[in-house]
Amino acid sequence: MNAIAQKLETIVGNSGVIAWDAMEATRREQIQQAIATENYPCLVYPQTQAELADVVSCAYQNQWKILPCGSTTKLNWGRIAQGVQVVISTERIHQLIEHAVGDLTVTAEAGIRFADLQTTLATAGQFLALDPTTPEFATLGGIVATADTGSLRQRYGGVRDQLLGISFIRADGKIAKAGGRVVKNVAGYDLMKLFTGSYGTLGIITSVTFRVYPIPEASGTVVLTGNADKIAQAVTSLRASALTPVASDLLSQQLVINLDLGQGLGLVVRFQSLSASVKQQAASLLELGQQLNLQGAVYTDDEAELWQKLQQQMRSPTKPTEITCKIGVLPTNAVATLTHFDPQMGLIHTSSGLGLLRFDADVDKQNILQMRDFCQSQGGFLSILAAPPALKEKIDVWGYQGNALEMMQQIKHQFDPNNILSPSRFVRGI
């Protein structure tokens with residue numbers, strides 16, 4: 001491995017290559033969660049897109065296996081990568097390229113941190129309508145590569161719905177681009193959608209262009225808690241109403257207790273608009289809850305703290321033994337799903353049926369497979385995001401049951417014929 005490091009130092013300099021033994025302990029632990037235990041790769045920090053292209057080209061010529069990452073906050077998601085010799089971080093490729101305020105678009109390099117970009121956009125009264133895991137550390141490239149967003153998908157859609165263009169480094173080190181800085185139709189692959197959620201298996205994202213939105217004048221959140229059937233009725237009525245929430249999530253009983261919101265299942269609904277509209281919509285939903293004998297509360301001044309606590313409970317494990325799963329079910333089956341999984345902590349978005357489950361590692365392989373079977377019986381799926389490597393070695397992390405495997409394999413071969421990018425990290429070892 002020293003020979004690899006020495007060769008890469010000629011491209012990025014001595015400070016741009018960190019040997020395994022010289023890595024910060026926390027960073028080394030994060031990488032160990034993502035790779036086979038017999039591998040001890042070096043960590044490379046290119047500072048420009050051109051340097052990154054040269055590093056990948058060198059790896060391609062020498063057939064070194066690469067694991068791309070940003071700040072490594074989601075590096076442990078997906079399958080265990082096999083045979084990794086070089087971990088490449090885009091963390092130092094972090095320039096803001098263009099903020100077209102009038103066009104409501106922003107273009108930035110992949111290593112820029114989400115929180116830093118939001119701070120910059122806020123000076124122009126705009127924001128990027130995503131709510132990823134660990135926003136203070138998550139990079140734009142990592143967010144796209146893992147399709148990581150949360151409750152705001154209710155109003156704004158997911159990552160792929162807001163992505164307008166990308167540039168990336170191919171497996172052979174060549175720079176490629178797709179899309180642009182305006183919404184338009186293109187022929188061939190829709191590479192923005194293809195790269196969203198590809199986990200670094202098709203190329204290394206170097207820059208992205210997103211649409212952005214004006215910061216709303218006011219924001220308020222209504223929390224309803226109580227009987228599962230009544231909560232289900234509230235969700236049905238909310239869908240049929242003229243109310244326009246930006247977020248609408250169902251919470252499991254254990255999550256409601258942990259957040260000190262009451263008893264029973266929970267429904268958390270956020271409104272953002274003009275101040276008068278927010279107040280009126282919140283009052284309407286609160287009245288609906290009262291009619292259903294649900295406990296209700298409105299959060300305004302302390303609203304940000306509520307959503308921060310919710311984020312921490314569901315998406316920021318405090319122990320490496322904790323397991324986080326991404327689930328999806330038919331939205332009409334969301335309440336039944338959370339009731340079935342009690343006392344696990346769970347959250348499901350009411351419009352998409354996507355959500356998260358969290359539990360400790362004392363849940364064995366058979367329990368997880370039973371949870372997966374239940375989700376599939378509800379028209380959905382269960383994939384393991386974060387878990388101890390020993391568990392990931394025993395179980396199919398993705399649990400893919402669709403009919404597109406052959407097409408995915410062909411796409412992988414077309415983009416990365418020698419399988420050097422994130423080897424075995426994706427579905428069925430892609």
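Guide: A polar contact is a pair of N or O atoms within 3.5 Å, where within protein one atom must be able to donate a hydrogen and the other to accept it, and where residues adjacent in sequence count only if both atoms are side-chain atoms. Such a contact, at 2.9 Å, joins the side chains of Arg358 and Glu322. Please keep in mind that this is a predicted model, in which local features need pLDDT of at least 70 and side-chain atom pairs count only at pLDDT 80 or more, while totals for chains, interfaces and linings use all residues. Residues are numbered from 1 along each chain as its sequence is written, and side-chain values use heavy atoms, with hydrogens and water left out.

Arg358 has its place in strand E18, which covers residues 354-359; helices (H or I, at least four residues) and strands (E, at least two) are DSSP runs numbered from the N terminus. With a relative accessible area of 6%, Arg358 is buried, where buried means under 20% relative accessible area, exposed over 50%, and partly exposed in between, for a 1.4 Å probe and protein chains only.

Let us now turn to the sheets. Four strands, in the order E1-E2-E4-E3, form an open sheet with mixed pairing; two strands count as paired if DSSP finds at least two bridges between them. Strand E1 (17-18) and strand E3 (66-69) stand at the edges and have a single partner strand each, so one side of each is left without a neighbour in the sheet. Strand E2 (residues 42-44) and strand E4 (residues 86-89) pair in the parallel sense over three bridges, and Leu43 stands opposite Val87 in E4. Across E2, E3 and E4 lies helix H3 (residues 49-62), which runs at about 165° to E4; such angles run from 0 to 180 degrees between N-to-C directions, with axes fitted to C-alpha atoms, for helices over the stretch in contact, and contact means heavy atoms within 4.5 Å.

Another open sheet is made of five strands in the order E5-E6-E10-E8-E9, with antiparallel pairing. Here E5 and strand E9 (175-179) stand at the edges, each with a single partner strand, so one side of each has no neighbour in the sheet. On average, neighbouring strands of this sheet are turned by 10° against each other, direction ignored. E6 and strand E10 (residues 204-211) run antiparallel and are joined by five bridges, and the bridge partner of Glu109 in E10 is Ser207.

Charged side chains come next. The structure holds ten salt bridges, each being a side-chain nitrogen of Lys or Arg within 4 Å of a carboxyl oxygen of Asp or Glu. In one of them, the side chains of Arg113 and Glu91 meet at 2.9 Å, N to O. Arg113 lies in the loop between strand E6 (105-109) and helix H4 (114-122), and Glu91 lies in the loop between E4 and strand E5 (96-100), so the pair ties together parts that are 22 residues apart in sequence. Arg113 counts as partly exposed at 24% relative accessibility, whereas Glu91 is buried, at 15%.

A salt bridge also joins Asp190 and Lys193, whose closest N and O atoms are 3.3 Å apart; Asp190 is partly exposed with a relative accessible area of 34%, and Lys193 is partly exposed with 39%. Lys309 and Glu305 meet in a salt bridge of 3.4 Å, N to O, and both lie in helix H12 (residues 303-315), four residues apart, which is about one turn of the helix. Lys309 is partly exposed at 40%, and Glu305 counts as partly exposed at 43%. Salt bridges that share partners also join Arg27, Glu91 and Arg113 into one network.

Aromatic rings complete the tour. The structure holds nine aromatic pairs; rings of Phe, Tyr and Trp (its six-membered ring) pair if their centres lie within 6.5 Å, and planes under 30 degrees apart count as stacked, over 60 as edge-to-face and the rest as tilted. Trp20 and Tyr40 form an edge-to-face pair, at 5.4 Å centre to centre and 70° between the planes. This pair links distant parts of the chain, with Trp20 in the loop between E1 and helix H2 (25-32) and Tyr40 in the loop between H2 and E2, 20 residues apart. Trp20 counts as buried at 10% relative accessibility, whereas Tyr40 is partly exposed at 44%. Finally, ring pairs link Phe127, Tyr156 and Tyr213 into a cluster.
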